[in-house]
Structures are given as structure tokens and as C-alpha cells.
Amino acid sequence: MENNNIGNNLFNQLGIDSSYIIIGLCILTLVLLITVIVCITKLNRLTRNYDYFMRGKDAESLEDFIVGISEEVRRLQEEDRGAKDTIRSINRNLRASYQKFGLVRYNAFKGMGGNLSFAMAMLDYTNSGFVLNSVHSREGCYLYLKRIDLGQTDGPLGNEEKEAVEQALGYVQAKDN
């Protein structure tokens, strides 16, 4: 009884009612109980997942599974290298193909009917290619071809030919004729 009086005297000297301490300890116990229940639930879920993963598998079959995945990764890496080589080859071929185009229709001889003449420029990635000029007249149709190398020509270009090259290079927009 003397020990109990010492504790009560201590709480009385501090001005604390022992019922508040009991209520606080009950709340703390309840919080800890809830935490333990949550931990047990998570542990059970983890155990179920582990059992599902390991069900029917011994160490040997698990090793075979991992080796199979490793071989699949190697095969995919080889396919990836092959696809990259194919893409490089396609890019080289694409750069060599004509990919820029300009077309200008015009009337070569005023009063002789319509815009039947045209100048057409076709250039590749390096701005090399040709300009084709088709001049239409009553007597016939005449074709002139001029080579373009790195954006430069050997001879002078006519106005329509220059405009077709500029369209192919993207300097001017095509006009609707």
C-alpha cells in the first residue's frame, strides 16, 4: 500500500489525475493492436503471393525458367541488331532516292494555247538530281535535261527551271496554275 501511495503522491504533486494516464495507455494499446493486425494481414498476403509463385516449382525448374528467359533476351538482342542494320540500310537507300520535287507549269509561247510546258526538278538528300524541261509548241514537244550536283548546275537555268529547283529545295511554295 505504501508503494501505491508514493505513486499517487507523485501524481498529486504534479497535478496529474491517474485516470488520464490509464486512458492514454488504453488508447496507445488500441493503436498498437491495430498496427499489429495490419502487419499480420500484410504478412499473410505476402505469404500467399510467395506460395503462389513457388507452387509446383523446385529449384531446378526455376533455374530452367531463368535460363530460358536469358536465352530469349539474347535472341531478342540479336533480332534488335538485325533490325538496326536493316534500318541503316534503308536510310542509306532513302538518301540516294529522289525525295525533293518541284514542278512549274508555264506557257512557253504566248498565244499558242495553255500551260502545256513544264519544268520539273527532282533532288535527293544531297540536293543532287536533275531538272527536266518540257517545251510544248505546235511543231512538237521538246525535252531538255540538266544535271544538278550538290545544288549547282553546269549551265544556266531558265526562270521556270530555277523556280522548280527552288520549290524542290523548299525556298518557294508551289503556285496553282
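Which residue forms a salt bridge with K146, and how far apart are the closest N and O atoms? Keep that in mind as you read these points; the model you are looking at is a predicted one.

1. **The opening pair.** The partner of K146 is E161, and the closest N and O atoms of this salt bridge are 3.0 Å apart. K146 belongs to strand 4 (residues 141-149) and E161 to helix 4, so the pair ties together parts that are 15 residues apart in sequence.

2. **Salt bridges along helix 3.** By the rule used here, the structure has 5 salt bridges. One of them joins R75 and E72, with an N to O distance of 2.4 Å. These two sit 3 residues apart in helix 3, which means that about one helical turn separates them. R75 is partly exposed at 36% relative accessibility, and E72 is partly exposed with a value of 36%. Another salt bridge links K84 with D80, where the closest N and O atoms are 3.4 Å apart. Both residues are again in helix 3, 4 residues apart, or about one turn of the helix. K84 has a relative accessible area of 42% and is partly exposed; D80, at 38%, is partly exposed too.

3. Side chains of opposite charge can pair when their charged atoms come close.

4. **The aromatic pair.** How many aromatic pairs does a search of the whole structure find? There is 1.

5. **The nonpolar core.** The largest nonpolar core contains 12 residues, among them V104, Y106, L123, V135, I148 and A168. Strand 1 (100-106), strand 2 (117-123), strand 3 (129-136) and helix 4 (159-169) each supply at least two residues of this core. As general background, nonpolar side chains tend to be buried together in soluble globular proteins.

Conventions: Residues are numbered from 1 along each chain as its sequence is written. This is a predicted model: local features need pLDDT of at least 70, side-chain atom pairs count only at pLDDT 80 or more; totals for chains, interfaces and linings use all residues. Side-chain values use heavy atoms; hydrogens and water are left out. A nonpolar core is a set of buried Ala, Val, Leu, Ile, Met, Phe, Trp, Tyr and Cys residues joined through side-chain atoms within 4.5 Å. Buried means under 20% relative accessible area, exposed over 50%, partly exposed in between (1.4 Å probe, protein chains only). Rings of Phe, Tyr and Trp (its six-membered ring) pair if their centres lie within 6.5 Å; planes under 30 degrees apart count as stacked, over 60 as edge-to-face and the rest as tilted. A salt bridge is a side-chain nitrogen of Lys or Arg within 4 Å of a carboxyl oxygen of Asp or Glu.
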